[in-house]
Amino acid sequence: MMIESATKDMIDPAQCRLCEVWIDWHGSDSSNGTLWECEVCNDLFCEECFKAAHGSKLLHEMISMDGSKELDRILCPGCVSKAPNYMSISTLQVQ
Ligand SMILES: [Zn+2]
Ligand SMILES: [Zn+2]
């Protein structure tokens, strides 16, 4: 796997498994946001990919971990789709 030159100034470059953008694990990207690691499949995904699949509202509820029992784990867009409780929450919010 070749690391693009854009990553040379990054402390710990990591790649989104979905859109393949490189983002510093300790920072964030201006257009793709922060990278997260799925607690189920360990895939890395950026905020932009999650938003594209499930919307920014669900993303923010998930990463804010505000105490909601259904949103206490970080899941990638694919695993969220397979989690029944996440789906019901997503559907409720979309109305
Ligand atoms: Zn991505
Ligand atoms: Zn996953």
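User: Is alanine 14 buried, exposed or partly exposed?
Analyst: The model is predicted. Alanine 14 has 17 C-beta neighbours inside 10 Å. A buried residue needs 20 or more, and an exposed one has 12 or fewer. The count for alanine 14 therefore makes this residue partly exposed.

User: Which residues does alanine 14 touch, not counting those up to four places away in sequence?
Analyst: Alanine 14 sits in strand β1, residues 13–15. Contact here needs C-beta atoms within 7 Å. With residues up to four places away left out, the partners of alanine 14 are Ile23, Trp25, Leu35 and Leu44.

User: What separates the C-alpha atoms of alanine 14 and tryptophan 36?
Analyst: Along the chain, alanine 14 and tryptophan 36 are 22 residues apart. Their C-alpha atoms are separated by 9.9 Å.

User: Which residues of helix α2 are buried, and where do they lie around the axis?
Analyst: Helix α2 spans residues 56–64. Its buried residues are Leu58, Leu59 and Met62. They cover an arc of only 100° around the axis, so they lie on the same side of α2.

User: How are α1 and α2 oriented to each other?
Analyst: Helix α1 covers residues 47–54. Its axis runs 7 Å from that of α2, at an angle of about 125°. Angles of 65 to 115 degrees would be roughly perpendicular, and those over 145 roughly antiparallel. The two helices, α1 and α2, are therefore oblique.

User: What classes of residue make up the contact of α1 with α2?
Analyst: From α1 come Glu47, Phe50, Lys51 and His54. They meet Ser56, Leu58 and Leu59 in α2. By class, the contact has two charged, two polar and three nonpolar residues.

Key
Residues are numbered from 1 along each chain as its sequence is written. Chains are lettered from A and ligands numbered from 1 in the order in which they are written. This is a predicted model: local features need pLDDT of at least 70, side-chain atom pairs count only at pLDDT 80 or more; totals for chains, interfaces and linings use all residues. Helices (H or I, at least four residues) and strands (E, at least two) are DSSP runs, numbered from the N terminus. The arc is that of the directions from the helix axis to the C-beta atoms. Axes are lines fitted to C-alpha atoms, for helices over the stretch in contact, and angles run from 0 to 180 degrees between N-to-C directions. Angles under 35 degrees count as roughly parallel, over 145 as roughly antiparallel, 65 to 115 as roughly perpendicular and the rest as oblique. Two residues are in contact if their C-beta atoms, placed from the backbone, lie within 7 Å. Ala, Val, Leu, Ile, Met, Phe, Trp, Tyr, Cys and Pro count as nonpolar, Asp, Glu, Lys and Arg as charged, and the others, Gly among them, as polar.
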